[in-house]
Amino acid sequence: MTQVEIVLANTGERMLIDQGTPLAQLAEEYVKRKTQEDGKAPWPVLGALVNNTVKPLQYRIYNPKTIQLLDITNRQGFRMYRNALQMMLYKAVRDCYPQARMSIDHSLQNGFYCRIEGELPPNDEVCRTVRERMIALQEADMPFVAKTMLLTDAKELIRPLNMPKTFYILEHLKQLYIEMNFLGDTVHKINGKLAPSTGCLTTWDFRQYGDDGYMLQCADPEHPDKLSLYTETPKLFSIFREHYHWTELMHMETISDYNRIVFNGGGQDLILLAEALHEKKYAEIADQVRQSGAKMVLLAGPSSSGKTTSCRRLSVQLSVLGYNVNQLSLDDYFLGRERTPKLPNGEYDFESIDALDIPLLNDHLNRLFRGEEVQIPTFDFKKGEPYFGGKTLKLGPRSLLVVEGIHALNPKLTAEIEDGLKFKVYVSALTQISIDDQNIIHGTDNRLVRRIVRDNNFRGWNAYETLRRWPEVVRGERKHIFPYQENANVMFNSALLYELGVLKRYAEPLMKQVPEDSEEYSIARQLLDFSELLLPIDDKFIPYNSIMREFLGGSAFEY
């Protein structure tokens, strides 16, 4: 039999294998060898990067390839696990309640908020029944099967299954073949590759959540034998629910709804409507600040959430209420290099709150609130040192400070300031539309697409550079931002219903340039998978004060 050479990236070795060998065989041999070497079995292999493209274990090798086997601790492997878990839930619901409609609305801390609607028993009985069926499916170790078929055949499979959102997407695809996913006799189109079988899904939970929903909780990718740690986030959840009800009223819950509106010429109206909603929210937050009697607004949020524009627009609304708004930059309170904390690898940890001169900041804030004039430092990023260049600040009776930064909601930052003087705002792009009932667009992916466009426009970075840095950005958010989000007095969802259709025109050419020989290529392909489902929208109708201008350019604000 003809043999081909592969490179197994997990070990760095080259080896000859028979042409047509499935990835499952390589995975089995790898697990057996690792078990012998380490004395314990590694986590199950869920799939592989084949020339940096995600493939399921049923994929066969016919030509020389570089292969990296993936388990749940790898971000691509975790996505495969997560996709498979969603498919298993979908089958369990269809098996138990064939006429019900299940939808996965959004993600919550390595889990998913779901709804099951129809003529059903009480929620506790539904939850128990579905959970028992999921356990049975897991114990049966049923294979997930991906089949490539004619698009026309896929549509005929979906047509009788009461899946109008998915059918509409398939109906508007411009391709000949499509990959569909099967679990037993259940079929769906999952946006991504799946783990090999239900037996791999050993750690999960399904429980009631809220008054009318359910939580599908995932494993912790860093500790796969344990559920992800979960803390209640009622404020964040309320924002998701508010926007879900709004999109439901607008009949725009999924990409198929969005495409229908754009296809029928409603793109401009969609932009005007989304921007009006933002303006209304900024005005409402400004009113809440006034009613609170606060002297300082602290605003935080993850990367590419639109914090800077939100500061500017909120300041405008506060000015309308008669405030003299002053903005204070936390960047000017960085410590000098010799006092900056370091990471274990010896590099400076600029993301740490301890990289800021917290005592000086609190001293300045207290003096400002007492009516004193304060000399404000300026940080020289080239020299790595702060200096005092004559910049001063004094607050009057109608003055209000607005402070924006990743640590703004961390109590340690302003520990010496009376709580009654502070009003805290959390900003994030919580994507409002899904691909269809079972496939969501993660807010992290939404923000990543924003950042790809912004970095290219304003930093001269290509998509590869942005993707390469992104994992470190996300780790910093999990450590420094997300743990404090519930400290906010108010949360603002900066996502816009139309934005992915606008960003598509700019992001797709950039993502297609990501080198195939880089690991980032697989992430670029995943982003392209959902971007290609969207109809584009012209950005000429986007106002100059929109959050989108922070990423596209042409803003009325200076950054």
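These legends describe close-up views of a helix and of a sheet in a predicted model. Local features need pLDDT of at least 70 and side-chain atom pairs pLDDT 80 or more, while totals for chains, interfaces and linings use all residues. Residues are numbered from 1 along each chain as its sequence is written, and side-chain values use heavy atoms, without hydrogens and water.

View A. Helices (H or I, at least four residues) and strands (E, at least two) are DSSP runs, numbered from the N terminus.

**View B. Packing of α12.** Its buried residues (under 20% relative accessible area, 1.4 Å probe, protein chains only) include Leu467, Trp470, Val474 and Glu477. The buried residues pack against α11 (443-458), α13 (499-511) and α14 (520-531), where contact means heavy atoms within 4.5 Å.

**View C. The open sheet β8-β9-β14-β13.** Its four strands pair antiparallel, a pair needing at least two DSSP bridges. β8 (101-107) and β13 (205-209) are the edge strands, each pairing on one side only. Five bridges join β13 to β14 (residues 213-217), and Phe206 stands opposite Leu216 in β14.

Key:
Buried means under 20% relative accessible area, exposed over 50%, partly exposed in between (1.4 Å probe, protein chains only).
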